[in-house]
Amino acid sequence: ILPLGISFYTLQAVSYVIDVYRGTCKADKNFGRVLLFVCFFPQIIEGPIGRYDKLAGQLYEGHSFDYDKFMKGLQLMLWGLIKIMVIADRAGIFVKGIGQLFGIEMADNFRRPFFSTSVNEFWRRWHITLGAWLRDYIFYPISLSKFFANLSAKAKKNFGDFLAKFLPSAFALF
C-alpha cells in the first residue's frame with residue numbers, strides 16, 4: 001500500500017532539492033527540520049504544495065497562541081466539514097484549517113474554479129500550487145534551457161519567428 005499523499009511528499013522534496021541546487025534557499029543541515037517541511041501533515045493529503053522559502057521559517061519558529069488565528073483555523077475546518085458533508089467537496093480547506101490552528105499560513109490551492117467564466121480562468125483557479133510547481137520546475141527550466149535557446153536561434157534563422165518561439169514551448173508542454 002502506498003503512503004497517503006505520496007505525490008505531495010515527492011513534489012515537496014524535489015522542489016527543496018532543486019531550490020537548494022539553484023541557490024534559492026540554503027541547505028538545512030538538520031534532517032529533522034527538512035523532514036518536518038516535507039511531511040507537514042495539513043498539506044499532505046491534497047496540498048497545497050509548499051515552497052521551502054515560504055513555509056520552512058513558519059514551521060521552525062515558535063508560535064504563541066493567537067486567538068484570532070485559532071478561530072480562523074476553526075472556521076476553515078468547519079467550512080471544510082460542511083462542504084464535505086453537505087456539498088460532497090474535497091477536504092482541502094478542512095486540512096488547510098489545521099495548519100492555521102498552529103499559526104502556519106499556507107498557500108491557496110483552489111479558488112472556486114467551478115465559478116470561472118472561461119477555461120483559462122478555470123485553470124488559473126484549479127490546483128494553483130501544482131500548476132506553479134509544474135511551471136517553475138518543469139516548463140521554464142526546459143523551455144528556457146541553453147539547448148532550446150540555441151535551437152530557437154537556429155530555427156529563427158531558418159524558419160522564422162513563429163517556429164523559433166513554438167518549439168521550446170511545445171517540447172516543454174510535451
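Biologist: What makes the meeting of the R111 and D108 side chains a salt bridge?

Modeller: The N to O distance is 3.7 Å, and because a salt bridge requires a side-chain nitrogen of Lys or Arg within 4 Å of a carboxyl oxygen of Asp or Glu, the pair qualifies. This is a predicted model, in which local features need pLDDT of at least 70 and side-chain atom pairs pLDDT 80 or more, while totals for chains, interfaces and linings use all residues. Residues are numbered from 1 along each chain as its sequence is written, and side-chain values use heavy atoms, without hydrogens and water.

Biologist: Why is R111 called partly exposed, and why is D136 called buried?

Modeller: R111 has a relative accessible area of 46%, so it counts as partly exposed, whereas D136, at 18%, is buried (buried is under 20%, exposed over 50%, partly exposed in between, with a 1.4 Å probe and protein chains only).

Biologist: How do you know that D136 and R51 tie together separate parts of the sequence?

Modeller: Their closest N and O atoms are 2.8 Å apart, in a salt bridge, and because D136 lies in helix α8 and R51 in the loop between α3 (41-44) and α4 (52-60), the pair joins parts 85 residues apart in sequence.

Biologist: Why is α8 called roughly antiparallel to α10?

Modeller: The axes of α8 (residues 128-143) and α10 (residues 161-173) come within 8 Å and cross at roughly 150 degrees, so α8 is roughly antiparallel to α10 (under 35 degrees is roughly parallel, over 145 roughly antiparallel, 65 to 115 roughly perpendicular, the rest oblique).

Note on methods: Axes are lines fitted to C-alpha atoms, for helices over the stretch in contact, and angles run from 0 to 180 degrees between N-to-C directions. Helices (H or I, at least four residues) and strands (E, at least two) are DSSP runs, numbered from the N terminus.
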